[in-house]
There are 2 protein chains.
Amino acid sequence: MAELKSILSMNAFTPSEDLPKLQGEIKKETERRLKLFGSAAVLFFKEPLEVVKGEGCYLYDVKGEKYLDCYNNVACIGHGHPRVADYVSAQLRQVNTHTRYLNTVVDDYAEKLLATFPKPLTNVAFTCTGSESNDLALRMSMYFTGGTGFIVTSGAYHGDSYLTTMVSPSTTRRKVPDFVRLVPAPDTYRQKPEEVGPNFAKAVREAIDDMEAHGIKFAAMLVDDIFSSDGVFADPKGFLKEAVDEVHRRGGLYIADEVQPGFGRTGMMWGFMRHDVLPDIVTMGKPMGNGYPMSAAVTRPEIIEALTRSTGYFNTFGGTPGAAAAGTAVLEVLKEDKLIENASDAGNYLRDGLRALMADHPVIGDVRGTGLFTGLEMVKDRGTKEPDPVSATLVLNRLKAHHVLTGAAGPDGNVLKIRPPLRFYHADADFFIDAFKASLAELHL
Amino acid sequence: MAELKSILSMNAFTPSEDLPKLQGEIKKETERRLKLFGSAAVLFFKEPLEVVKGEGCYLYDVKGEKYLDCYNNVACIGHGHPRVADYVSAQLRQVNTHTRYLNTVVDDYAEKLLATFPKPLTNVAFTCTGSESNDLALRMSMYFTGGTGFIVTSGAYHGDSYLTTMVSPSTTRRKVPDFVRLVPAPDTYRQKPEEVGPNFAKAVREAIDDMEAHGIKFAAMLVDDIFSSDGVFADPKGFLKEAVDEVHRRGGLYIADEVQPGFGRTGMMWGFMRHDVLPDIVTMGKPMGNGYPMSAAVTRPEIIEALTRSTGYFNTFGGTPGAAAAGTAVLEVLKEDKLIENASDAGNYLRDGLRALMADHPVIGDVRGTGLFTGLEMVKDRGTKEPDPVSATLVLNRLKAHHVLTGAAGPDGNVLKIRPPLRFYHADADFFIDAFKASLAELHL
C-alpha cells in the first residue's frame with residue numbers, strides 16, 4: 001500500500017508512519033477521516049492540511065495560514081469564484097433536473113462548448129467525471145471500430161472505473177490486461193527533439209502490429225496530450241502527429257484525454273491543438289465546472305451512433321442545468337479575464353525563473369511544460385539523468401513548510417508537477433520560486 | 001433504436017416519427033437538442049417538454065404551464081429547494097476542493113450519513129454517480145471474494161459504465177456476458193406472497209450452482225431492493241432474506257443498490273431495512289444531493305481494504321465540501337420536514353386511491369409499492385395477467401396532457417412508475433388520481 005501510494009503521489013500521508021507523529025486537533029481530525037473513509041482515505045503530506053477557505057490561487061488552513069496552491073487543476077478560474085457560486089445557486093433555485101426535458105441553459109452551454117472544437121466534432125455527451133468520459137469514449141471506440149485493443153502510455157492515468165483502471169498503469173502498478181498495449185511516454189528530456197515524434201509513432205506502430213499478431217483488433221489510442229502522470233511532456237509541438245496518422249491508417253480512433261490539459265491550461269483551449277492533430281473523441285472533466293462535478297465527451301455523430309445502435313445510454317446528473325450554469329461561468333471568466341493568454345505568459349515567466357536556478361542547482365535536471373502545466377525533473381546526475389525521487393519528496397514537504405502546495409509525477413515520482421489555478425500571475429510565480437529556492441537551500445541541493 | 005428506447009422508457013421521443021409533427025419554438029428547440037447531443041439525445045414524450053422552473057413536486061414549462069412531477073426521484077426534498085442552493089452557494093464561495101485535504105464539512109457529513117447505517121457498515125467511499133458507486137462496489141466484491149460471477153435480476157439497471165452496463169440487461173436488451181447470471185425478478189403480482197421469497201432464493205441458488213459448474217467463482221448478488229426497472233416489487237417485507245442468506249452461505253457478497261429506494265423513498269431510510277437483511281455494500285446516488293451530482297458506496301473496512309491493497313482509487317469530485325453541503329441540506333430537510341414519514345403516509349393514500357379505481361377499470365391489474373414508489377401494472381386481462389404496454393403508453397401521454405409527468409417500467413413497459421419528490425402530499429395524490437381517471441376515460445379503459 002505504501003509503495004503504491006508512493007507511485008501515485010510522493011507526498012501522501014502514510015497512517016502507520018505518520019499518524020504517531022501528529023498531535024492535537026490535526027491528529028483528531030486525521031483519525032476521524034481515517035475512521036470514516038477507511039483504507040481508501042488519501043491525504044496529502046506527512047502532516048495533513050485542514051483546508052477551510054480558498055481564493056484565487058490560494059488556500060487557507062484552519063489556523064488562517066495561506067498556501068499557494070500549485071496542485072489544483074480543478075479550480076481553474078480560481079478557488080471560491082463568486083460567479084460559479086452565483087450561477088449555480090440561481091440555477092439550483094430555479095430548476096436542476098435531467099436532460100430528458102429541454103432547457104435553454106443546457107443547450108446554450110452545449111453550443112458554446114462545441115464552438116471551441118474543430119468542425120467534425122459536433123456532438124457532446126455530458127457525464128459527471130473524467131473517468132465516466134473516458135469509460136464512455138473507450139466504449140464508443142469499441143462499438144465504432146469493432147476492436148477491443150487499446151494503446152496508452154506506460155505511466156498513464158485515465159480514470160477510476162473498472163474499464164479506465166485497466167488502461168491506467170500508474171494505478172495498477174503496470175499490470176495491464178491482454179487487450180492493452182503500453183508505449184513508452186514521449187520522454188522529451190531523454191530524446192533529441194527530432195526523435196520524439198518518430199520514436200513515439202514507431203512504438204505505436206509496433207504495438208498495433210503486436211496486437212494484430214495476437215488476434216486483437218485495434219480500437220483506439222488514448223493519450224493525455226500533456227502526459228501528466230508520465231512526467232509532463234509538451235514539446236516539440238506537433239510530436240503526436242505521426243502517431244495519430246498511424247492510428248488512423250490502421251483503422252483505430254485517437255481519443256484525446258483533455259481532462260488535465262483542457263480548458264486553456266496549456267495556453268490553448270485544447271491541448272491537442274498544440275499538436276496540429278484532429279482527435280476522433282475528446283474527453284474533458286476536472287476544470288470544466290471549477291469544482292462542480294461535470295465532464296463530457298465530444299465526438300462526431302457517427303461515433304456516438306455506433307454506441308446508441310448497440311446499447312442504451314443515459315447519465316442522470318450529466319449536463320443538467322446546474323452543471324451548465326457552472327460550465328457557463330467558467331467559459332465566461334476564462335475569456336473575460338484572458339486566463340488562457342495568462343496561462344502562456346505566467347507559465348513562461350515561471351519556467352524562465354526556474355531555469356535560472358539550474359546553474360546553482362544540479363539536482364534540477366529539466367524544466368519543461370507549456371502554459372500553466374510545468375514539470376520540474378529532479379535527477380541525481382545531469383549526465384546520466386538518473387531520477388532522484390528522494391529529493392523530490394523532501395522538496396515537496398519543504399515547499400509545504402514554505403506555504404506552497406504541489407505534487408509529483410512520472411514513473412519514479414521525481415517530477416514536480418506545478419499546476420496552479422489559471423489565476424496565477426508573475427507575483428505568484430515569484431512566490432513559488434522563492435519558496436523553491438529556500439527549500440533547495442534547506443536540503444543543500 | 002426505436003425498439004430499444006421503448007424498452008427503456010415507453011414515453012420516449014422518437015425523432016423519425018415525432019419530429020415532423022412538431023411546430024414552432026418547440027420544434028426549433030428540439031432540433032437544436034438533437035443537433036447538439038446527436039443520437040444520444042433522450043427526450044420524453046412525443047412533444048418534448050421545455051422545463052424552466054421547479055418547485056416542490058411541480059415543474060413549469062416555458063409557457064408557464066404547471067406539471068405534477070411523478071417521475072423525479074432526484075429532487076427528493078423538492079425542486080429548487082432553497083436550502084440546497086444556499087448551502088452549495090456558500091460552500092462554493094468558501095472552498096470546494098478534493099478530499100486529499102481535511103475539511104470538517106466533509107467529515108461531519110460522512111459521520112451523519114454513516115450514522116444511518118447498521119453497525120458493521122462504517123466506511124464510506126464518495127463518488128459522483130450511482131454508476132460509479134455500483135462500478136466500485138462490483139470491483140470491491142471481486143477483490144474481496146476473488147470471484148468474478150455476478151447475479152442480477154432479468155430486468156435490472158445498475159448503471160452506464162462499461163462494467164455496470166454488463167449487469168444491466170434492461171439497457172443491453174438482455175444479452176449479458178458469461179460471468180453474469182440473470183434471475184427472474186420477484187414478481188409479487190404473479191406469485192403467491194409466501195412463494196416470492198423461496199422462489200427468488202431458489203433462482204439465486206441455481207444461478208450460483210450454474211456459475212460454479214462453469215468454473216466461475218461467485219462474487220456478488222447486486223439488487224435494487226425496490227426492483228424499479230423490473231416493475232416495482234416491494235412486498236411481502238422480508239422476501240429478500242432467504243436469497244441473501246444463500247448468497248452469504250456461498251461466500252458471495254450482497255450489494256444493495258439503493259440508488260432508487262434510498263434516502264427515505266420506501267418509507268424507511270434504506271430499502272434493505274424493509275427486508276431485515278444486512279448488505280455487505282450499499283450503493284446510493286440520485287436523491288443524495290437533490291440534484292448536485294454525488295453518490296457513495298458504504299461498506300465494511302475489510303471490503304474497502306481488499307480494493308486498496310490491489311489498486312489505487314481516488315475520485316476528484318467525490319465527497320468534496322460542495323457535495324457535503326448539498327448532502328447535509330438533504331439530510332436536514334428529510335428530518336425536519338418528516339419526509340420519510342410522509343413518504344409512507346402519502347404513498348399509502350395514493351395507492352388506496354388508485355386501488356379504488358380498479359372496480360371500474362379492469363386494465364389496472366395491480367397497484368403496488370411502498371412509500372412514494374408505486375407501480376401500477378396495466379394488463380389486457382386480469383385472469384391471464386397479460387401485460388398491456390400499449391395502454392400504458394397511451395395513458396402516459398394522456399397524463400402529460402393532464403399535466404402529470406410519469407414513466408413506465410418492467411420488461412414489457414406496462415408498469416406506470418409513480419415516483420414523485422418526497423414533498424408530495426394528499427392534495428398532490430388527489431391531483432394524480434383525477435388526472436389518471438380522466439386519462440383512462442379518454443381511452444375508454
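The legends below accompany close-up views of a predicted model.

**View 1. The contact between chain A and chain B.**
In this predicted model, 81 residues of chain A are in contact with 81 residues of chain B. Helix α4 (residues 82-94) of chain A supplies the largest share of the side of chain A that touches chain B, namely eight residues. Sorted by class, that side of chain A has 39 nonpolar, 26 polar and 16 charged residues.

**View 2. Helix α4 of chain A against helix α4 of chain B.**
The axes of α4(A) and helix α4 (residues 82-94) of chain B cross at roughly 170° and come within 9 Å. Because of this angle, α4(A) is roughly antiparallel to α4(B). On α4(A) the contact is made by A:Pro82, A:Val84, A:Ala85, A:Val88, A:Ser89, A:Leu92 and A:Arg93. On α4(B) the contributing residues are B:Pro82, B:Val84, B:Ala85, B:Val88, B:Ser89, B:Leu92 and B:Arg93. The residues of this contact of α4(A) with α4(B) divide into ten nonpolar, two polar and two charged.

**View 3. Helix α3 of chain A against helix α5 of chain B.**
Helix α3 (residues 24-37) of chain A packs with helix α5 (residues 104-114) of chain B at an angle of about 40°, and their axes are 10 Å apart. The two helices, α3(A) and α5(B), are therefore oblique to each other. The crossing of α3(A) and α5(B) is left-handed. From α3(A), the residues A:Glu29, A:Arg32, A:Arg33 and A:Leu36 meet B:Asp107, B:Ala110, B:Glu111 and B:Leu114 in α5(B). By class, the contact of α3(A) with α5(B) has five charged, three nonpolar and no polar residues.

**View 4. The two domains of chain A.**
Chain A is divided into domain 1 (49-77 + 338-443) and domain 2 (82-336). The C-alpha centres of domain 1 of chain A and domain 2 of chain A lie 26 Å apart. Domain 1 of chain A gives 27 residues to the contact between them, and domain 2 of chain A gives 29 residues. On the side of domain 1 of chain A that touches domain 2 of chain A, the elements giving two or more residues are α12 (339-355), β11 (364-370), β12 (373-381) and β16 (415-418) of chain A. That side of domain 1 of chain A has 13 nonpolar, nine polar and five charged residues by class.

**View 5. The hairpin of β2 and β3 in chain A.**
Strand β2 (residues 58-61) of chain A and strand β3 (residues 66-69) of chain A run antiparallel and are joined by three bridges. Within this pair, A:Lys66 in β3(A) is the bridge partner of A:Tyr60. β2(A) and β3(A) form a hairpin with four residues between them, and A:Gly64 in the turn has a positive phi of about 90°. Two bridges also join β3(A) to strand β14 (residues 404-405) of chain A, and these strands run parallel. A:Leu68 stands opposite A:Val404 in β14(A).

**View 6. The four-stranded sheet of chain B.**
Four strands of chain B form an open sheet in the order β1-β2-β3-β14, with mixed pairing. β1 (51-55) and β14 (404-405) of chain B stand at the edges, each with a single partner strand, so one side of each is left without a neighbour in the sheet. Strand β3 (residues 66-69) of chain B and β14(B) run parallel and are joined by two bridges. The bridge partner of B:Asp69 in β14(B) is B:Leu405.

**View 7. The seven-stranded sheet of chain B.**
Seven strands of chain B form an open sheet in the order β4-β10-β9-β8-β7-β5-β6, and the pairing is mixed. Its edge strands are β4 (123-127) and β6 (180-183) of chain B, each of which pairs on one side only. With direction ignored, neighbouring strands of this sheet are turned by 20° against each other on average. Strand β5 (residues 149-153) of chain B and strand β7 (residues 218-224) of chain B run parallel, joined by three bridges. B:Gly149 stands opposite B:Phe218 in β7(B).

**View 8. Helices α6 and α10 of chain B.**
The axes of helix α6 (residues 130-145) of chain B and helix α10 (residues 301-308) of chain B cross at roughly 90° and come within 8 Å. The angle makes α6(B) roughly perpendicular to α10(B). B:Arg139, B:Met140, B:Tyr143 and B:Phe144 of α6(B) make the contact with B:Ile303, B:Ile304, B:Ala306 and B:Leu307 of α10(B). The residues of the contact of α6(B) with α10(B) divide into seven nonpolar, no polar and one charged.

Technical notes
Residues are numbered from 1 along each chain as its sequence is written. Chains are lettered from A and ligands numbered from 1 in the order in which they are written. This is a predicted model: local features need pLDDT of at least 70, side-chain atom pairs count only at pLDDT 80 or more; totals for chains, interfaces and linings use all residues. Two residues are in contact if their C-beta atoms, placed from the backbone, lie within 7 Å. Ala, Val, Leu, Ile, Met, Phe, Trp, Tyr, Cys and Pro count as nonpolar, Asp, Glu, Lys and Arg as charged, and the others, Gly among them, as polar. Domain bounds come from an automatic or database domain assignment. Two strands pair if DSSP finds at least two bridges between them. Axes are lines fitted to C-alpha atoms, for helices over the stretch in contact, and angles run from 0 to 180 degrees between N-to-C directions. Angles under 35 degrees count as roughly parallel, over 145 as roughly antiparallel, 65 to 115 as roughly perpendicular and the rest as oblique. A crossing is left-handed if the near helix is turned anticlockwise from the far one by less than a right angle, and right-handed if clockwise.
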